[in-house]
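This report goes through one protein chain part by part. Please look at the sequence and the 3D structure before reading on.

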Amino acid sequence: MSYRIGLVGKPSVGKSSFFNAATMNDVPEGAYPFTTIDPSVGEAYVRVDCAAPEFDEECTPSVGYCDDGTRFVPTKLVDVAGLIPGAHEGNGLGNQFLTDLNETDVLVHVVDFSGETDLEGEPTEGHDPRDDIDFLEEELDQWYLGILEKGINRYESGYTTEDDAIEEELAEQMSAFKTNEDEIKRLVRRVGIGFEPAEWDADDRLELAREIRTETKPMLIAANKMDTPEAQENYEEIANDPDYDHLTIVPCSAHAEKALKSADKAGVVDYRPGDDEFDITGDVSSEQEQGLEEIRDFLDRYGATGVQAALESALFDVLGVVPVFPGGANGLGNERGEVLPDCYLIPPNSTAEGFAYSLHSDIGDGFLHAIDCRSNRQLGKDYAVESRDVLEVITTN
């Protein structure tokens with residue numbers, strides 16, 4: 001399946017810069033509200049250690065590319081219009097923002113950690129990035145609560161049949177969030193409020209809405225503009241604040257990533273996205289060299305620009321996506337002589353049979369067993385697929 005990472009946040013925090021750095025697309029950038037009006041969708045990449053070298057082979061990717069044993073696997077990146085307080089009530093581009101947001105699987109909240117923009121994206125000084133983190137979570141919670149309330153009202157109105165349970169009604173009402181009855185039931189139990197909505201007070205309903213939101217729209221914080229002293233100070237403080245332990249926070253400089261990619265494209269530096277170093281290979285002015293050395297200092301401090309790390313952590317750590325290589329009848333190859341042409345990103349806790357369905361519904365319908373191409377071991381349908389498995393699927397279809 002194709003995963004979609006949503007870039008969210010208030011205006012003027014560098015979302016478009018992050019998007020451009022990750023995709024090298026030409027989306028307008030600007031330090032003013034609503035630079036991005038329509039959601040921009042681009043192709044970004046996440047890194048996976050290629051399995052081909054383990055078999056003394058060189059892969060031939062059908063999509064993405066491979067660079068010295070690192071596979072760059074494509075994923076969709078969505079830059080959504082800036083969100084301002086009151087979006088769940090329709091303020092700003094609120095309703096459109098929330099609709100676009102629902103097309104994504106995991107969120108990367110780009111936050112200006114320098115504190116130079118207020119809650120509405122206007123220039124300021126000394127703004128606390130925690131306010132931005134809190135306001136976005138609160139907006140999303142209120143959005144979920146509004147939809148949850150409709151399901152509760154529908155249930156209490158008697159519109160549903162007498163045998164319908166509340167979890168059935170809420171699952172149907174909130175189906176756009178890719179939830180289901182079993183998940184709703186589990187989350188109601190987690191909150192500990194029972195299954196009689198008439199006994200739920202306002203706090204109970206909000207807590208349940210928040211649980212559904214965190215389960216169906218997991219989020220990572222991209223601490224952007226970390227190449228400023230103010231951002232670095234804020235990062236140290238927030239990273240040590242126990243109130244934010246529930247979030248993964250990745251220090252980022254979208255500006256540094258875009259600069260390195262542009263310099264690499266121009267032949268000025270040799271840089272691979274996500275690396276912790278680069279080499280200057282072309283002629284540069286003293287001013288350009290100074291700028292590149294400042295970026296090098298940033299890489300030395302944080303290990304990377306953070307753009308790749310944010311995307312990969314969102315998919316692999318927060319969402320739990322598993323990369324898997326389909327093997328072929330001859331081990332790694334297929335009938336066209338391609339070696340590991342594909343790397344699939346599949347849901348967490350997938351089985352061998354589930355992986356077969358990821359390839360094609362007909363392959364899943366005819367599933368017999370899978371073969372681990374590393375060990376030649378036969379695997380049953382309930383085998384729990386692991387990261388970087390190389391699996392050949394045997395099917396009647």
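Which residues have the most contacts inside the largest nonpolar core? They are F113, L148 and L208, in a core of 49 residues. Helix α3, residues 129–156, gives the most to this core, with nine residues. Another core lies apart from it and has 39 residues, among them F19, V73, C252 and L345. The model described here is predicted.

**The chain as a whole**

The protein chain has 12 helices and 14 strands. Of its 397 residues, 50% are buried. Among the contacts with a separation of 6 or more, 67% are between residues 24 or more positions apart. The accessible surface comes to about 18300 Å², and carbon and sulfur atoms hold 42% of that.

L148 touches L170, M174, R205, L208, A209 and I212, leaving aside residues up to four places away in sequence. L208, one of these partners, is also one of the residues with the most contacts inside the largest core.

V106 lies in strand β5, which covers residues 106–112. Is V106 buried or exposed? Its relative accessibility is 0%, so V106 counts as buried, the limit being under 20%. Leaving aside residues up to four places away in sequence, V106 touches R4, I5, G6, P218, A314, L315, V318 and L319. V106 and L220 are 114 residues apart in sequence, yet their C-alpha atoms are 8.1 Å apart in space.

**Aromatic rings**

A pair of aromatic rings is described by the distance of the centres and the angle of the planes. The count for this model is nine aromatic pairs. Two of them share Y65 and are set out in the table.

| Pair | Centre to centre | Angle between planes | Arrangement |
|---|---|---|---|
| Y45 and Y65 | 5.5 Å | 70° | edge-to-face |
| Y65 and F72 | 4.5 Å | 5° | stacked |

Why does the pair of Y45 and Y65 tie together parts that are 20 residues apart in sequence? Y45 is in strand β2, residues 40–49, whereas Y65 is in strand β3, residues 65–67, so the pair joins these two parts. Y45 is partly exposed, with a relative accessible area of 22%. Y65 is also partly exposed, at 32% relative accessibility. F72, the stacking partner of Y65, is buried, with a relative accessible area of 1%.

Elsewhere, ring pairs link F113, Y235, F298 and Y302 into a cluster.

**Helix α8**

Helix α8 runs over residues 254–265 and has 12 residues. From its first C-alpha to its last it reaches 16 Å, close to the 16 Å expected at 1.5 Å a residue. An α-helix has 3.6 residues a turn, so residues three or four places apart point the same way. In α8, the buried residues are A254, A256, E257, L260, K261 and A263. What covers these buried residues of α8? The cover includes α1 (15–23), β6 (219–224), β8 (269–270), α9 (286–302) and α10 (307–318). After α8 comes G267, whose phi is positive, near 80°.

Most residues other than glycine have a negative phi. D68 has a positive phi, near 55°. L340 has a positive phi too, near 40°. D68 lies in the loop between β3 and β4 (70–79). L340 is found in the loop between β10 (322–326) and β11 (344–346). L340, at 0% relative accessibility, counts as buried.

Note on methods:
Residues are numbered from 1 along each chain as its sequence is written. This is a predicted model: local features need pLDDT of at least 70, side-chain atom pairs count only at pLDDT 80 or more; totals for chains, interfaces and linings use all residues. Side-chain values use heavy atoms; hydrogens and water are left out. Rings of Phe, Tyr and Trp (its six-membered ring) pair if their centres lie within 6.5 Å; planes under 30 degrees apart count as stacked, over 60 as edge-to-face and the rest as tilted. Helices (H or I, at least four residues) and strands (E, at least two) are DSSP runs, numbered from the N terminus. Buried means under 20% relative accessible area, exposed over 50%, partly exposed in between (1.4 Å probe, protein chains only). Contact means heavy atoms within 4.5 Å. Accessible areas come from the Shrake-Rupley method with a 1.4 Å probe; for residues, only the protein chains shown count as cover. A nonpolar core is a set of buried Ala, Val, Leu, Ile, Met, Phe, Trp, Tyr and Cys residues joined through side-chain atoms within 4.5 Å. The expected span of a helix is 1.5 Å times one less than its number of residues.
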